Amino acid sequence: MTVDRMLPSPEAADLLDLTRQLADRELAPRVAEAEATETFPAEVFKIIGAAGLLGLPYPESLGGGAQPYEVYLQVLEELAMRWAAVAVAVSVHGLSCFPLATFGTSQQQERWLPDLLGGGMLGAYSLSEPQAGSDAAALACQAVRDDGGYVITGTKAWITGGGNADSYTLFARTAPGSQGVCCFVVPAGVPGLSFGEPERKMGLRAVPTTSAHYDGVRLPEDRRIGAEGQGLRIAFSALDSGRLGIAAVATGLAQAALDYAAGYAKERRQFGQRIIDHEGLAFLLADMAAAVHSARATYLDAARRRDAGRPYSVQASVAKLVATDAAMKVTTDAVQVLGGYGYSQEFPVERYLREAKIMQIFEGTNQIQRLVISRHLAS
């Protein structure tokens, strides 16, 4: 189904039309096989990059598309309606560019951003560690000053696109405490950097998630983004935008599940009539539609605040919480609508359900989002 969107400009409408056409042509025909065989779709990211969709929310002066965040997020949603794993990787790519675009020097931006925003390179985000997930301040990966640069030693975890990306936004510790973390841009292929075997995941299988091992990786000082000790501030600032990306992806996934379930319910007949004409199931679909609309409204509200330069951190947490919980409910109900067929791999709704679960976990678990929201209420 084509979503009836309220867009801020004719240019934005044209961009969404382009995205739909590209996603229908390049993503939809590939998704089932690539997810089943766990095949990384490198060519798809090249196509998306060539279309200018990897740098949409960043200024044209840096090589981006200069689009409002509310438009960029709706592009992500359209991609997710066809292929959630690809949309997640595009969102993570945007997240990885944020520190450089926001805190980098003009020399750093001119050196690395054109390729990242123009589609020549794919970025990944490297914050979590085996013992530092929700508690990012507990990270232990070390960055020790040496000979005009840094030597990085340690292990990072849960890297979307690990081993396939061209650039890694890394957070490592230079001193004890929350003020002792730095942000770095690490090129793929640097000596001493290796990746673990891909995690055996419930969903999003075409885009691998790996650990990264830094064994005395040497980085020159100009690979540090921002000041020493500024790393956690940079990371958390980036995550506010990243949470909106995941909210949009979750909404697109929920929309895909709703569309498939509604289409099936209009075709499937039981007791002499279409199952959508049975009130109990029709009301279930109505609740699914309401959940999708509510999810979209929350992420658009936060995005419009961001675009207006207003605080949006709490609204980003609300959007991530509402949209990902909605995706979990809607995909579960889509399986119910299809009955036994919904449990079969012959139909996509079982994959949608598997993909939805991780949305409640990454970019800050939904328990962390509730903590952010409740602390705001208590302040």
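One term before we start: a residue is called buried when its relative accessible area is under 20%, exposed when it is over 50%, and partly exposed in between, using a 1.4 Å probe and the protein chains only. This is a predicted model, so local features need pLDDT of at least 70 and side-chain atom pairs count only at pLDDT 80 or more, while totals for chains, interfaces and linings use all residues. Numbering runs from 1 along each chain as its sequence is written, and side-chain values use heavy atoms, with hydrogens and water left out.

**Stop 1: Glu363**

Select Glu363. At 12% relative accessibility, Glu363 counts as buried. You'll find Glu363 in the loop between α10 and α11; helices here are DSSP runs of H or I with at least four residues, strands are runs of E with at least two, and both are numbered from the N terminus. Check the backbone too: phi of Glu363 is near 60°, a positive value in a residue other than glycine. Most residues other than glycine have a negative phi.

**Stop 2: the largest pocket**

Points are joined across faces, edges and corners, and volume is the space filled by probe spheres set on them.

The largest pocket holds about 1200 Å³ of space. It has 42 lining residues, and Ser128, Ile361, Phe362, Glu363 and Gly364 are the closest to its centre. Colour α5 (84-103), β3 (149-160), α7 (231-267), α10 (349-359) and α11 (366-378): these are the elements that give two or more residues to the lining. The top contributor is α7, with five residues. By type, the lining splits into 23 nonpolar, nine polar and ten charged residues, where Ala, Val, Leu, Ile, Met, Phe, Trp, Tyr, Cys and Pro count as nonpolar, Asp, Glu, Lys and Arg as charged, and the others, Gly among them, as polar.

**Stop 3: Arg243**

Now pick Arg243, in helix α7. Is Arg243 buried or exposed? Buried, at 10% relative accessibility. Leaving aside residues up to four places away in sequence, Arg243 touches Ala316, Ser317, Lys320, Glu363, Gly364, Ile368 and Gln369, contact meaning heavy atoms within 4.5 Å.

**Stop 4: the second largest pocket**

Centre on Val3, Asp4, Gln255, His293 and Arg296, which lie nearest the centre of the second largest pocket among its 17 lining residues. Its volume is about 280 Å³. Both α7 and α8 (279-307) give two or more residues to this lining, and α8 gives the most, with seven.

**Stop 5: the largest cavity**

How many cavities of 30 Å³ or more are there? The count comes to three. For the largest, at about 50 Å³, select Tyr58, Tyr69, Tyr72, Ser91, Gly94, Leu95, Phe98, Ser241, Gly242 and Gly245. Here α5 supplies the largest share of the lining, four residues. You'll see five nonpolar and five polar residues around it, and no charged ones.

**Stop 6: two strand residues**

Jump to Arg218 in strand β7 (residues 209-220). Arg218 is exposed, with a relative accessible area of 52%. Show side chains: a polar contact of 2.4 Å joins Arg218 and Asp146, meaning a pair of N or O atoms within 3.5 Å, one able to donate a hydrogen and the other to accept it, with residues adjacent in sequence counting only if both atoms are side-chain atoms.

Then try Trp158 in strand β3, exposed at 54% relative accessibility. Its phi is positive, about 55°, although Trp158 is not a glycine.

**Stop 7: the cysteines**

Finish on the sulfurs. There are zero disulfides, a disulfide being a pair of cysteine sulfur atoms within 2.5 Å. Cys97 is in none, and the nearest cysteine sulfur, that of Cys183, is 12 Å away. Cys97 is buried, at 0% relative accessible area.

Technical notes
1 Å grid on protein atoms, 1.4 Å probe; cavity = no way out; pocket = protein on both sides within 12 Å on 5 of 7 lines; lining within 4 Å.
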